[in-house]
Amino acid sequence: IIIFVIIISILAIIGIFIYNIYLNNKYKKYEIYNEKMSIYGFNLMYDNKSLIAKEKITKSEAIKMVISTAYNLYDISNFAPIENPTYDNEIWVKYAKEVGIVTEDINKENQNERITYIDVLMMLSKVKVDLLGMDLDIEGKPNFEDFDDYTNDEQTVLKDMVWNKIIENNT
């Protein structure tokens with residue numbers, strides 16, 4: 001039984017090691033982007049002040065990143081003040097709600113929920129149109145296998161993101 005436990009332990013350690021190698025290789029292509037984002041101080045917009053491509057971000061954190069990117073600001077308290085915030089990034093969430101970037105009720109209880117990639121892209125497009133006054137570029141159709149699974153609004157946003165080379169046009 002002791003030998004069996006030792007063998008299982010060794011296999012578990014090897015499995016964890018292989019999985020870590022897989023994750024590191026999977027996200028290695030993003031290292032150059034992480035470096036550029038750190039140079040420009042974008043890492044400061046992450047709640048943990050760290051850029052790690054495999055980390056998931058929260059709803060409120062994504063809102064902060066989208067608005068700060070549009071305005072090139074890390075602080076909006078001069079034009080979107082809030083008294084006695086009840087959670088991190090509340091100032092950003094309330095501002096996003098006021099200007100129509102988000103319609104979902106994000107509050108203290110759900111602000112730390114993870115956000116989906118398409119939801120971030122939808123917010124970016126709202127900022128582009130509503131805050132920056134730009135039109136979405138909707139030429140062509142991306143080569144995504146699941147493109148038709150998205151709603152019409154999501155397809156429009158994906159077209160814009162591909163056209164502007166924000167995301168790659170591949171399957």
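**Ground rules**

Helices (H or I, at least four residues) and strands (E, at least two) are DSSP runs, numbered from the N terminus. I am working with a predicted model, where local features need pLDDT of at least 70, side-chain atom pairs count only at pLDDT 80 or more, and totals for chains, interfaces and linings use all residues. Numbering starts from 1 along each chain as its sequence is written, and side-chain values use heavy atoms, with hydrogens and water left out.

**Entry: overall layout**

I looked up the secondary structure and found six helices and zero strands. Along the sequence this reads α-α-α-α-α-α. Of the 171 residues, 30% are buried (under 20% relative accessible area; exposed is over 50%, partly exposed in between; 1.4 Å probe, protein chains only). For the accessible surface I noted about 11,900 Å², with 56% of it belonging to carbon and sulfur atoms. That area comes from the Shrake-Rupley method with a 1.4 Å probe; for residues, only the protein chains shown count as cover. I then turned to contacts (heavy atoms within 4.5 Å). Among those between residues at least 6 apart in sequence, 51% join residues at least 24 apart.

**Entry: helix 3**

Helix 3 has 13 residues and spans 19 Å from first C-alpha to last, close to the 18 Å expected (1.5 Å times one less than the number of residues). How much of helix 3 is buried? I found 10 of its 13 residues buried, so helix 3 is largely enclosed by the rest of the structure. Among them are Lys 59, Glu 61 and Lys 64, along with Ile 63, Met 65 and Val 66. Their packing partners are helix 4 (90–98) and helix 5. Just after helix 3, I noted Asn 72 with a positive phi of about 55 degrees.

**Entry: helix 4**

Here I listed Glu 90, Ile 91, Trp 92, Val 93, Tyr 95 and Ala 96 as buried. Their cover includes helix 3 and helix 5. Gly 100 follows helix 4, and its phi is positive, near 85 degrees.

**Entry: helix 5**

Helix 5 runs over residues 117–131, and its 15 residues reach 21 Å, close to the 21 Å expected. I found Ile 118, Val 120, Leu 121, Met 123, Ser 125, Val 127 and Lys 128 buried. An α-helix has 3.6 residues a turn, so residues three or four places apart point the same way. The buried residues of helix 5 pack against helix 3 (59–71) and helix 6 (152–163). After helix 5 comes Gly 133, with a positive phi near 70 degrees.

I gave Lys 128, which sits in helix 5, a closer look. Is Lys 128 buried or exposed? Its relative accessibility is 12%, so Lys 128 counts as buried. Leaving aside residues up to four places away in sequence, Lys 128 touches Gly 133, Met 134, Asp 135, Leu 136, Asp 137, Asp 160 and Asn 164.

**Entry: second largest pocket**

A pocket, on a 1 Å grid over the protein atoms alone, is an open set of points where a 1.4 Å probe fits, with protein on both sides within 12 Å along at least five of seven lines; lining residues have an atom within 4 Å of a point. Of its 13 lining residues, Ile 101, Val 102, Thr 103, Asp 119 and Met 123 are the closest to the centre. Which helix supplies the largest share of the lining? I found that helix 5 does, with four residues.
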